[in-house]
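Here are a few notes to read alongside the structure. Take them one at a time, and look for each feature on screen as you go.

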Amino acid sequence: QANTGELWSIGVAGTIPTGLGMKAGTSPSITGFSGGGYEIAFQANTGFLWVSGTAGTGDTGFGMQNSTSPSITALDGGYQVAFQANTGTLWTIGEQGRGETKLVMAPNTSPALR
């Protein structure tokens with residue numbers, strides 16, 4: 001997250017300002033694909049979970065809890081994202097499906113994927 005509140009990507013492709021706004025106090029998460037490419041998950045300045053990268057860019061339509069950050073990991077053929085929804089529960093979305101886990105998370109905490 002740049003000091004402008006915008007998501008930037010820096011790597012072998014160069015420094016890329018995405019033009020996408022991030023929610024203050026949150027951090028993006030990135031994963032690389034074995035065949036090349038990457039995907040970033042982040043909380044947009046709208047409070048919704050967004051993804052951006054070589055697999056596509058867009059609003060997932062899922063609201064996130066304030067002051068939390070998503071986690072993303074590569075899978076064969078795609079990726080999986082875990083995040084604290086605006087309901088306070090852990091959700092996952094991606095190649096292995098999507099849904100609420102019914103697990104309540106502590107306020108201001110973020111999940112991790114491996």
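Predicted model: local features only at pLDDT ≥ 70, side-chain atom pairs only at ≥ 80, totals over all residues.

1. Let us begin with charge.

2. How many salt bridges does a search of the whole structure find? The search finds one. Its partners are Lys102 and Glu100, whose side chains meet with 3.6 Å from N to O. That distance counts as a salt bridge because the cut-off is within 4 Å. As background, side chains of opposite charge can pair when their charged atoms come close.

3. Now look at how open these two partners are. Lys102 has a relative accessibility of 64%, so it counts as exposed, the label for values over 50%. Glu100 has a relative accessible area of 34% and is partly exposed.

4. Is Glu39 buried or exposed? Its relative accessibility is 0%, so Glu39 counts as buried, the label for values under 20%. You will find Glu39 in strand β4, which covers residues 38-43.

5. Stay with Glu39 and look at what surrounds it. Leaving aside residues up to four places away in sequence, Glu39 touches Ser29, Ile30, Thr31 and Phe33, and its contacts also include Val51, Ser52, Gly53, Thr54, Ala55 and Gly56. Ile72 and Tyr79 are among the residues it touches as well. Another pair to find is Glu39 and Ala74: they are 35 residues apart along the chain, yet 8.4 Å separates their C-alpha atoms.

6. Next, step back to the whole fold.

7. Of the 114 residues in the protein chain, 40% are buried. Among contacts with a separation of 6 or more, 30% come from residues 24 or more positions apart. The accessible surface of the chain is about 6100 Å², and carbon and sulfur atoms account for 51% of it.

Technical notes:
Residues numbered from 1 in each chain as written. Heavy atoms only, no water. Buried < 20%, exposed > 50% of the residue type's maximum accessible area, 1.4 Å probe, protein only. Contact = heavy atoms within 4.5 Å. Areas by Shrake-Rupley, 256 points an atom, 1.4 Å probe, with all protein chains shown as cover. Helix = DSSP H or I, 4+ residues; strand = E, 2+ residues; numbered from the N terminus.
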